[in-house]
Amino acid sequence: MSENRRKKKMDRSKLVKIILTITVVLVLITVGVIILRKKVSEKFAKNEESDIVSASVEKDSISTTVYGSGQLTDDDTEEVKIPDALEIEEYIASAGDAVEEGDILAKVNSQSVITAMAELQSEIDKLDEKLEDAEDDEISSTIKSKVSGRVKQIFAEENQKVISVMYEHNALMVLSADGYMAVDLEDTSCKEGDETTVITSDETEYTGRVRYVSGQTATVVFSDDGPETDDTVVVKDSSGKSIGSGKCYINSPVTVVGYGGTVSSINVKLNSKVYEGTSLISLTDTEDTVDFDTILKERKALEEDLADLMEIYKKGAICASISGSIKTVPDMDDDSSSEDTNRSYVLSPDKTMTVSVSVDETDILSLEVGQEVNVTVESVSEETFEGTITEINKTGTNSDGVTTYTADVQIDKQTGMLEGMSAEASIKIEGVDDALVIPVDALNETSTSAYVYTAYDEENDELSGMVEVTTGLSNSNYIEIKDGLKEGDTVYYEDKSDDNNRFDKGGPGGSFGDFGENGDFPGGSGNVPGSTGFTPPSGSSDGKSHSFSGTGD
């Protein structure tokens with residue numbers, strides 16, 4: 001009996017020990033889970049933190065170099081055309097030959113030259129008859145208004161040829177037909193019919209209203225009595241708050257045109273009110289109609305051709321018009337009756353060449369005519385040649401969403417340089433010392449302005465303190481601030497670089513290595529279990545063909 005009691009006592013003691021052991025293990029596991037959960041919570045709470053960073057406005061040097069490439073072309077080439085009626089007896093010069101001005105290129109049949117001159121003279125006689133008929137035509141000596149309105153632009157001036165004014169401006173003057181000027185505002189919350197105040201550059205105020213709203217653009221109209229076309233105006237709402245600015249234009253323009261004569265007087269003034277039938281411009285030389293001028297130009301061209309034929313007849317040959325080299329020659333077995341037949345020599349003076357380089361839209365405004373350029377032509381030598389920008393074509397070409405422009409760079413032609421060779425150009429944009437700079441990512445831009453944020457509310461994760469700035473030179477990392485900020489100011493912006501590093505680091509602010517020994521998850525190798533890691537692509541991030549020196553290199 002006592003033995004059974006001892007046995008039961010021992011069994012109870014073992015049971016207590018087992019229960020205590022299980023309890024301790026459960027407590028340790030619970031504590032471990034809590035600690036791990038806390039670390040995980042702390043770690044991923046950082047991932048939810050804002051990516052807003054700050055930067056100080058600092059003084060530094062900033063500069064940039066624009067690179068481009070293209071193909072060489074010869075400058076100032078001249079075409080020596082063989083008239084279709086002439087027969088060639090012998091071709092003397094070949095492509096690539098060096099020639100002096102006056103050298104014989106080809107010998108001609110003299111009789112064919114005489115025949116060609118006779119035909120030209122006959123054409124000139126026919127034009128003379130047309131000129132006599134055109135002299136009898138006469139246009140009105142007064143240009144009158146066809147509508148009532150207000151004079152807003154006058155292009156014509158006294159003693160100018162009407163045809164010259166039309167060629168340059170496509171109008172002699174422009175009238176406003178409905179009594180309104182207009183200005184377009186972007187990104188506004190205006191509604192059609194809203195009352196506004198429009199302030200011109202001379203501080204004159206006009207009452208306006210929103211006439212149209214299309215998408216994000218609102219059109220405000222106001223009186224045409226006073227404002228100048230293309231003047232920059234500021235628009236305020238009924239509470240006096242500025243809602244935008246822009247260049248004003250004629251809301252309903254009517255162009256005044258003409259086609260002949262010479263301006264003798266302008267009979268109206270800017271902003272004057274006119275009515276249908278009002279005399280706007282008086283003319284002289286109205287007997288010289290457009291037909292007369294056209295025929296006269298044709299006759300002059302034939303006179304020049306006749307003079308060229310006389311020179312060919314005197315020499316019995318087609319001669320070089322300049323010194324240089326022959327780029328192309330006529331078709332030797334030619335059929336002058338065919339339109340595709342080449343009947344010309346092309347000569348190059350061999351003095352200068354031009355390479356048209358493609359320039360990114362972010363760089364084109366930094367270039368100017370006369371700017372010095374370094375050019376290399378690897379197929380000729382490793383030497384760098386000095387060049388100059390002679391022309392900037394600001395008509396862009398868009399490809400895959402990227403707009404580029406061209407700049408023509410002229411260099412002296414060197415031995416070995418041939419048309420079509422590839423050339424590389426580097427254009428250093430003059431740097432700025434002691435410039436106020438901020439990171440490029442801190443700048444925000446609209447179609448009409450640029451601004452930065454100068455305050456940040458951490459609790460609500462909101463940027464504020466918007467300040468408009470005037471910018472200057474920029475490169476891929478920094479941009480110059482000319483106005484709006486001072487040294488020591490702080491700007492706030494979203495750190496876009498975090499997007500590239502997030503997976504490397506296990507989230508902003510740390511790495512997954514804090515969770516276990518050697519920086520691993522339990523049983524892992526520094527990555528999320530089951531993943532194979534992430535490696536961002538290498539290489540340049542912007543892909544643009546430019547390099548930079550100074551700040552941001």
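**View A. Cysteines in the predicted model.** Cys319 has a relative accessible area of 17% and is therefore buried; buried means under 20% relative accessible area, exposed over 50% and partly exposed in between, with a 1.4 Å probe and protein chains only. Cys248 counts as buried because its relative accessibility is 0%. The whole structure has 0 disulfides, a disulfide being a pair of cysteine sulfur atoms within 2.5 Å. This is a predicted model, in which local features need pLDDT of at least 70 and side-chain atom pairs count only at pLDDT 80 or more, while totals for chains, interfaces and linings use all residues. Residues are numbered from 1 along each chain as its sequence is written, and side-chain values use heavy atoms, with hydrogens and water left out.

**View B. The largest nonpolar core.** A nonpolar core is a set of buried Ala, Val, Leu, Ile, Met, Phe, Trp, Tyr and Cys residues joined through side-chain atoms within 4.5 Å. The largest one has 28 residues, and Leu72, Leu367, Val375 and Val377 touch the most other members. Strands that each supply at least two residues include S2 (58–74), S24 (352–360) and S28 (422–439); strands are DSSP runs of E with at least two residues, numbered from the N terminus. The most, 6 residues, come from S28.

**View C. Surroundings of Leu72.** Residues up to four places away in sequence are not counted here. Among the residues that Leu72 touches are Met353, Val355, Val377, Ile411 and Met421, where contact means heavy atoms within 4.5 Å.

**View D. Strand S10 and its partners.** Strand S10 (residues 180–186) runs antiparallel to strand S13 (residues 217–223), and 7 bridges join them. Two strands pair if DSSP finds at least two bridges between them. Tyr180 has Ser223 in S13 as its bridge partner. S10 also pairs with strand S16 (residues 249–250), in the antiparallel sense, over 2 bridges. Opposite Met181 stands Ile250 in S16.

**View E. Aromatic rings.** The charged end of Arg211 sits over the ring of Tyr180, 4.8 Å from its centre; this requires NZ of Lys or CZ of Arg within 6 Å of the ring centre and within 35 degrees of the ring normal. The structure holds 3 aromatic pairs. Rings of Phe, Tyr and Trp (its six-membered ring) pair if their centres lie within 6.5 Å, with planes under 30 degrees apart counted as stacked, over 60 as edge-to-face and the rest as tilted. Tyr451 and Tyr453 form an edge-to-face pair, 5.7 Å centre to centre with 85° between the planes. Tyr451 has 17% relative accessibility, so Tyr451 counts as buried.

Key: Helix = DSSP H or I, 4+ residues; strand = E, 2+ residues; numbered from the N terminus.
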